[in-house]
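Me: Can you walk me through this fold? Keep it quick.

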Amino acid sequence: MRWTFTSDPEVCAGAAEPWLSRDPVRNTIPLTMLRAVREGLWGEDPLMGWATDHGGEVVAVALHAPPQLLVLADMPAEAVRELATALI
């Protein structure tokens, strides 16, 4: 699994939004937060990331746009461990 990070909301949306949209009910908060960042709300120093499996498929999304807390989409436990390692 590989995490990719960006501060560009359009890059994140291109990579992560299709995956998040597959289950919009479960991913309401990440989708709403991504939309808000794309529209300029909480645009100061965002950190957005997505994890891909070995086949290149998105399997996890994490969003942080101060002053909001880190928001994690529903993801496998392995992705959480690797996210923590990547953020350290």
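Reply: Here is a short tour, starting with the ground rules. This is a predicted model: local features need pLDDT of at least 70, side-chain atom pairs count only at pLDDT 80 or more, and totals for chains, interfaces and linings use all residues. Residues are numbered from 1 along each chain as its sequence is written, and side-chain values use heavy atoms, with hydrogens and water left out.

Me: Fine. What is the strand order in the sheet?

Reply: E1-E2-E3-E4, in an open sheet of four strands with antiparallel pairing. Strands (E, at least two residues) and helices (H or I, at least four) are DSSP runs, numbered from the N terminus. Two strands pair if DSSP finds at least two bridges between them.

Me: Which strands stand at the edges?

Reply: E1 (2-6) and E4. Each has a single partner strand, so one side of each is left without a neighbour in the sheet.

Me: How many bridges between E1 and E2?

Reply: Five, in the antiparallel sense. Phe 5 stands opposite Gly 49 in E2.

Me: And what does H3 touch?

Reply: Helix H3 (residues 77-87) packs on the sheet and touches E1, E2, E3 and E4. Contact means heavy atoms within 4.5 Å. The direction of H3 makes about 50 degrees with that of E1. H1 lies across E1, E2 and E3, at about 130 degrees to E3. Axes are lines fitted to C-alpha atoms, for helices over the stretch in contact; angles run from 0 to 180 degrees between N-to-C directions.

Me: Switching to H2. Which of its residues are buried?

Reply: In H2 (residues 28-38), they are Pro 30, Leu 31, Met 33, Leu 34, Ala 36 and Val 37. Buried means under 20% relative accessible area, exposed over 50%, partly exposed in between (1.4 Å probe, protein chains only).

Me: What covers them?

Reply: The cover includes helix H1 (9-21) and strands E2 (47-52), E3 (58-64) and E4 (71-72).

Me: What comes after H2?

Reply: Gly 40 follows, with a positive phi near 100 degrees.

Me: Now the loops. Is Ala 73 buried or exposed?

Reply: Ala 73 is buried, with a relative accessible area of 4%. Its place is in the loop between E4 and H3. Leaving aside neighbours within four places in sequence, Ala 73 is in contact with Trp 19, Leu 20, Asn 27, Pro 30 and Val 61.

Me: How far is Ala 73 from Thr 28?

Reply: 9.0 Å, C-alpha to C-alpha, though they are 45 residues apart in sequence.

Me: And where is Leu 70?

Reply: In the loop between E3 and E4. Leu 70 is partly exposed, with a relative accessible area of 41%.
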